[in-house]
Amino acid sequence: MRTEVADAAVWFDTEHPALLAAIDLAAQQGFDTHVWQLSWLVRDYLNRHGLWHHLQTSQLAALAAAQRSGTPPVVARVLWGVALAEANLGRYEAAHAHLLRSLAIFTAAGDQLSIAFTRRRIVYVLTQQDDFGAALELAEAELAQSLPGTGPEQRAHALNTVSWLCSQLGRFDEAVAHAREAVALVPLLRPFTAADLWDTLGSAQAGQGFVDAAEDSYRRAAQIYHQQGATFLEAQVWRALGDARQDAGRDAEAGHAYRLAFDLVAATRDPRAVRLGTDLQRLLHRQPAQDVSDGMRPGSP
């Protein structure tokens with residue numbers, strides 16, 4: 001399963017320009033179903049790799065095509081992608097408006113699963129605005145509906161969101177409890193979901209001051225991101241580990257993690273890399289002149 005997903009990631013690396021061209025051609029030729037289906041297919045790849053202008057263009061094309069189709073559930077699902085692009089570009093009011101429209105469509109249809117997914121996306125927009133209190137309230141409501149026995153991806157996402165938000169609010173014991181329940185589901189989950197969970201657990205453990213435990217979790221997350229070719233996400237994990245080590249007074253080890261993160265950032269064109277690279281340069285400048293290697297390599301377990 002994981003090998004197949006990794007192969008798919010490599011395929012998307014090579015073929016996503018062709019998919020974007022196919023979306024444009026389908027729109028020009030009036031093949032509306034192909035437009036929104038292809039845009040849906042490429043959405044997560046574009047988002048994870050920070051190709052947000054391509055994401056916005058493809059999702060707006062999908063929305064126009066879906067509206068011409070006159071099928072409300074299709075329109076509502078496409079609005080998820082449009083809102084994601086708007087949020088990533090800092091247009092939060094527009095993102096909220098799209099998600100509220102999507103929520104209204106799913107509520108009218110009584111589609112409870114899609115209502116939950118839409119609320120999860122509203123939580124994401126709130127977190128982008130640092131409104132963690134409001135986001136946690138919604139996330140806890142979703143978790144209450146994602147009872148044990150629910151599909152593992154849905155349950156894991158709900159637990160992960162609540163855990164991460166608890167960490168942001170300094171509630172680290174709660175965060176660890178939720179994250180540990182979620183990582184028990186890892187064998188049943190997609191790789192990106194598993195990596196996100198390990199990253200969240202590492203953040204909560206670091207908040208508790210358990211740096212060695214956090215390091216184990218962060219390494220697991222980095223390994224999966226590395227296997228999936230998610231260079232920027234991997235860099236973020238090494239930076240987080242560097243922060244945890246530095247907070248514990250382990251400056252030389254922190255410098256090594258920051259160097260790994262910086263080297264990864266230099267290898268990606270993700271638009272977020274510029275800011276992260278600047279932060280890492282500043283952090284490396286503050287480290288001892290002699291760094292100590294501890295045998296870490298990108299993606300090592």
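Helices here (H or I, at least four residues) are DSSP runs, numbered from the N terminus. This is a predicted model, so to speak of local features a pLDDT of at least 70 is needed, side-chain atom pairs count only at pLDDT 80 or more, and totals for chains, interfaces and linings use all residues. Residues are numbered from 1 along each chain as its sequence is written, and side-chain values use heavy atoms, with hydrogens and water left out.

**How confident is the model?**
- The chain has an average pLDDT (the predictor's confidence in each residue, from 0 to 100) of 90, and 92% of the residues score at least 70.
- Confidence is highest in helix α9 (residues 172-183), at a mean of 98, and lowest in helix α1 (residues 2-29), at 81.
- Over residues 290-301 the pLDDT stays under 50, and the model has 35 contacts for them beyond four places in sequence; a contact means heavy atoms within 4.5 Å.

**Helix α12**
- α12 (231-247) has 17 residues and runs 25 Å from its first C-alpha to its last, close to the 24 Å expected at 1.5 Å a residue. That expected span is 1.5 Å times one less than the number of residues.
- Twelve of the 17 residues of α12 are buried, where buried means under 20% relative accessible area, exposed means over 50%, and partly exposed is in between (1.4 Å probe, protein chains only).
- Among those buried residues are F232, L233, W238 and R245.
- The buried residues of α12 pack against α10 (191-208), α11 (211-227), α13 (251-265) and α14 (273-285).

**The second largest pocket**
- This pocket holds about 260 Å³ of space. On a 1 Å grid over the protein atoms alone, a pocket is an open set of points with protein on both sides within 12 Å along at least five of seven lines, and lining residues have an atom within 4 Å of a point.
- Its lining has 15 residues, with H49, L51, T268, R269 and D270 nearest the centre.
- α1, α2 (32-48) and α12 each give two or more residues to the lining, and α12 gives the most, with three.
- The lining residues split into six nonpolar, five polar and four charged.

**Helix α3**
- The end C-alpha atoms of helix α3 (residues 52-69) are 25 Å apart, which agrees with the 26 Å that its 18 residues should span at 1.5 Å a residue.
- Buried residues of α3 include W52, L55, L63 and A66.
- Just after α3, G70 has a positive phi of about 70°.

- F12 sits in helix α1 and counts as buried, at 15% relative accessibility. Beyond its neighbours within four places in sequence, F12 is in contact with L19, L41, V42 and Y45.
- The C-alpha atoms of F12 and L46 are 9.4 Å apart, although the two are 34 residues apart along the chain.
- Q154 belongs to helix α8 (residues 152-168). Is Q154 buried or exposed? At 15% relative accessibility, Q154 is buried.
- Leaving out residues up to four places away in sequence, Q154 touches L113, A116, R120 and S146.
- D130 is not a glycine, yet has a positive phi of about 65°. D130 lies in the loop between α6 (112-128) and α7 (132-145), and is exposed, with a relative accessible area of 55%.

How values were computed:
On a 1 Å grid over the protein atoms alone, a cavity is a set of points where a 1.4 Å probe fits but cannot get out, and a pocket is an open set with protein on both sides within 12 Å along at least five of seven lines; lining residues have an atom within 4 Å of a point. Grid points are joined across faces, edges and corners, and a volume is the space filled by probe spheres set on the points. Ala, Val, Leu, Ile, Met, Phe, Trp, Tyr, Cys and Pro count as nonpolar, Asp, Glu, Lys and Arg as charged, and the others, Gly among them, as polar.
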